[in-house]
Amino acid sequence: MNITRKDFLKAAGGTAAGAVSGIIFSGLPGQLLKRLSGLTEEHGIKADPGLEKFLSTQCTGCTAQCRIKVRLLDGKVIHFEPENNSCAELLSSLNPFSEKTVSGPMKNAGKGTGKFEPADPAEVLKEISSALRKSGNRTVFIDRKNSETLKPFALAAGGFWCPIPSAGLEEEKVLGGRAVYDLKNADLILSLGVQVYGGWNPGPDRQQLLCRENFSGRLIYAGNFCTETAALADEWLPVAPGTEAILAAGLASILVKKHVLPAAPGWIKVLDMSADQLCAGTGLSADRIEELVRALESAERPAVITRTGDTACPASSAEIMAVSALNLMLNKDYRLETEAAGPGKYGKKLRETAPDSAAGERAGTFIINQADPVFMSCCGKELKEKLKQSFVVSITDTIKETDLYADIILPAPSLQDRLMSQAEGRPDLTPEPQEWLSKIFHRAGMMPGKKSSGKKIFIRKHICKAEIFREQISRIPAEKAGEALTLIPLSSGIFDFPWAGPVLTAGSADSGTGPGLTVFINPVTGEKAGLMEGDSLYLESKEGQTGPFSVHLTNRAAPGTAAVHTGYMPVEKNLLYASNPLHIMNREKDSLTGMAGWLPAGIKAVKKS
Amino acid sequence: MRKKKSIYKWAMAIDLDRCTGCGLCTAACAVENSIAPGCPPLSEIKTLEGNQPWPETSVLSFPAMCLHCGTPEKPAPCTLVCPTGAAHQREDGITGIMNDHCTGCRACTAACPYGALRYIKNRPDYRRIQLNPDIKPYAAGTVIKCSLCHHILRREKEQAAAAGIPEKEFTYTPACVSACPQKALTFGNINDPESPVAELAADIRAFRPSKDIFSAENTSVFFLTSKESRRELLNRGGMK
């Protein structure tokens with residue numbers, strides 16, 4: 001075959017054209033251009049260095065007051081960055097675009113529906129002050145955790161002040177003061193159900209411990225469920241559910257009988273428990289009890305700590321009294337912090353109640369300051385009904401379950417608002433709760449009480465209310481018959497967290513951050529009840545039913561128990577799953593703390609059909 | 001011309017004797033890296049449970065993240081299989097993914113022995129979060145992973161250079177390390193023998209999960225524990 005010069009040029013040209021078009025259509029030039037445009041993987045937007053500024057400030061969210069770094073661009077806050085010891089509450093407050101943020105006064109368009117309409121501030125203030133005048137001393141003021149904001153207003157109105165339970169509050173009610181521990185310098189800590197190494201934002205006391213650099217002593221954890229604290233502790237005492245009070249009283253009794261320590265007056269008759277009774281009561285072996293007694297005897301600065309009702313069921317008065325007695329016997333530095341005798345902090349006697357008891361008060365108006373008692377109380381259902389029938393004002397920055405039953409919502413500055421105004425050097429745009437209330441009280445013709453300087457004193461005092469102690473010890477769940485279970489409430493660290501979406505979806509079931517709510521059941525118990533991993537079930541007690549929960553069969557749960565998380569929960573998740581284990585707890589109230597939350601023995605697991 | 005060898009090899013030690021699995025590091029990571037609802041997290045808390053009967057059992061919760069395995073000589077599996085070169089190994093020990101270059105083929109997610117790479121299936125809802133101006137939002141249909149907050153590295157490096165801090169003394173802190181309340185995470189330049197992380201790497205408690213296939217001995221992120229039960233749980237359960 002003869003190939004002419006023309007044919008050759010044609011073929012070569014065609015090949016070249018094909019190759020060029022092939023390269024063009026392959027997308028390679030595009031890829032190359034893309035690669036040239038993004039020479040590195042660093043995508044940041046470069047700000048003019050003159051406009052960018054970093055400030056260091058202090059978080060005001062809690063008493064820990066962590067340092068945070070604020071990034072400003074042209075004088076406006078664009079980003080918050082944690083410096084150290086940042087907490088989830090702080091991180092959760094750093095989202096200005098949260099859909100749930102309350103930006104102005106709102107009126108409820110249908111109680112319980114979650115629909116609100118914007119309202120005129122002057123009009124709502126008028127409405128609230130007139131309701132306050134009518135209800136007078138029947139007003140209940142529910143304050144947020146660790147806050148005394150509403151106290152002077154409760155005094156002025158003669159109403160009830162109702163703080164959300166927090167560390168030390170139950171102690172104050174039972175013992176007349178808050179226990180002061182030097183946990184950092186303790187050489188032995190016996191934790192009765194306190195999740196020392198778990199959860200978020202544990203409060204200043206536990207923060208001493210949380211950073212393990214600070215604590216070089218020995219930690220013994222007594223609890224029923226194998227939590228992270230149990231796994232990380234030097235020793236885990238797997239006691240029977242709800243028997244911490246028996247353990248504390250029994251240990252005190254043994255130490256007194258061994259003449260190691262003198263019993264305090266009042267306790268001599270009460271502390272009459274032998275080692276055998278202690279073993280039978282708590283389910284611990286005699287060897288372990290003896291070992292524990294020896295450890296307590298030999299420790300120089302031991303501390304016994306008990307759980308308080310912030311996220312799980314509260315400690316009973318009996319437990320608080322027994323723990324205090326044990327601490328007084330063992331530790332010469334143990335003190336109760338209280339106020340000096342006199343007219344009191346506000347000069348008047350304050351009427352106080354617990355959220356669990358608030359539903360029982362003859363209330364006409366409820367004023368709620370950034371709290372969610374409907375979700376956080378064992379008596380949430382009763383409280384919800386009460387709120388439906390009452391006039392409710394909620395001062396809040398985000399909508400929580402309780403707010404669904406509020407007639408009027410007033411905006412409170414979020415932590416983000418406070419930090420932004422602090423960094424930008426301007427006043428808060430949203431009034432503080434006390435500013436709203438001052439305006440309301442002024443309109444209603446009432447003046448809030450003035451704070452006097454309450455002098456703090458430290459005392460060492462035994463509180464022994466023998467009858468209450470004996471009565472409560474007798475109520476501790478005993479052996480159950482048949483297939484009934486004991487509910488174990490686990491405290492969880494879930495906050496109303498804007499990043500809950502990604503974190504909750506992918507989080508672990510263990511931290512309560514799984515996609516649903518989980519019930520932890522021992523494989524042996526599960527097999528007996530015919531339960532499989534992932535089954536959906538409801539939990540039922542004499543108080544009602546809650547669920548559905550997804551079953552997780554694990555050896556971390558003791559046989560015969562069902563462990564579930566309680567605590568903070570984003571409102572969407574709460575409403576979506578409509579499950580709150582607190583609502584199936586026993587609602588009989590503790591006569592000293594006013595708190596409900598006894599462990600219900602004999603709950604049933606009902607499989608979802 | 002031969003590339004100048006980096007004086008840095010960034011490394012992180014996760015102390016399992018301190019970590020309580022509280023999840024604050026994952027929350028800080030999500031905030032720092034603009035992880036919006038719908039986007040998988042770069043780091044998540046994984047819980048491993050012992051299989052002994054109650055009460056002999058144990059539990060371990062820890063942040064499961066990219067371990068930044070591999071070296072320039074012995075590359076990480078994700079960089080070997082990536083067809084577009086989006087997954088790459090840096091001289092300073094950081095293994096990264098150029099999100100712009102990722103086609104979402106997911107060869108890297110299959111190759112990763114630690115399950116640390118995550119595919120963004122749905123479009124993340126960026127309207128619901130505060131965006132970090134240092135980070136370009138991740139697109140749906142791409143793979144993401146922990147980059148040891150290299151955007152902080154870049155920023156801090158620029159600031160250090162402007163402040164006249166010598167290169168040798170420079171260091172930075174990723175968001176998870178700043179947020180850890182237990183101080184369970186230690187970060188630094190492992191090439192600097194005086195850095196805390198280099199000291200921890202030589203600690204008797206240091207170990208790397210034994211499930212490694214390619215380059216276990218070279219992971220930049222490693223673990224510390226004195227409890228045999230915790231070491232066993234991690235080796236048995238693995239990261240994946």
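This is a predicted model: local features need pLDDT of at least 70, side-chain atom pairs count only at pLDDT 80 or more; totals for chains, interfaces and linings use all residues.
Residues are numbered from 1 along each chain as its sequence is written, chains are lettered from A and ligands numbered from 1 in the order in which they are written, and side-chain values use heavy atoms, with hydrogens and water left out.

In chain A, one network of salt bridges links Glu382(A), Lys542(A), Glu543(A), Arg587(A) and Glu588(A). Within this group, Glu382(A) forms a salt bridge with Arg587(A), with 3.4 Å between the closest N and O atoms. Because Glu382(A) sits in helix H16 (residues 380-389) and Arg587(A) in the loop between helix H22 (571-577) and strand E24 (601-607), this pair ties together parts of chain A that are 205 residues apart in sequence; helices (H or I, at least four residues) and strands (E, at least two) are DSSP runs, numbered from the N terminus.

How exposed or buried are the two partners? Glu382(A), at 32% relative accessibility, counts as partly exposed, whereas Arg587(A), at 15%, counts as buried; buried means under 20% relative accessible area, exposed over 50%, and partly exposed in between, with a 1.4 Å probe and protein chains only.

Arg587(A) also meets Glu543(A) in a salt bridge, at 3.6 Å from N to O. Since Glu543(A) lies in the loop between strand E21 (536-541) and strand E22 (544-553), that pair ties together parts 44 residues apart in sequence.

Turning to chain B, the side chains of Arg155(B) and Asp134(B) form a salt bridge at 2.7 Å, N to O. Arg155(B) belongs to helix H4 (residues 150-162) and Asp134(B) to the loop between strand E6 (118-119) and strand E7 (143-144), 21 residues apart, and both residues are buried.

Finally, the sheet: chain B has an open sheet of 4 strands in the order E8-E1-E10-E9, with mixed pairing, two strands being paired if DSSP finds at least two bridges between them. Its edge strands are E8 (185-189) and E9 (206-207), each of which pairs on one side only. Strand E1 (residues 10-15) pairs with E8(B) in the antiparallel sense over 5 bridges, and Ala13(B) has Thr186(B) as its bridge partner in E8(B).

Terms used:
A salt bridge is a side-chain nitrogen of Lys or Arg within 4 Å of a carboxyl oxygen of Asp or Glu.
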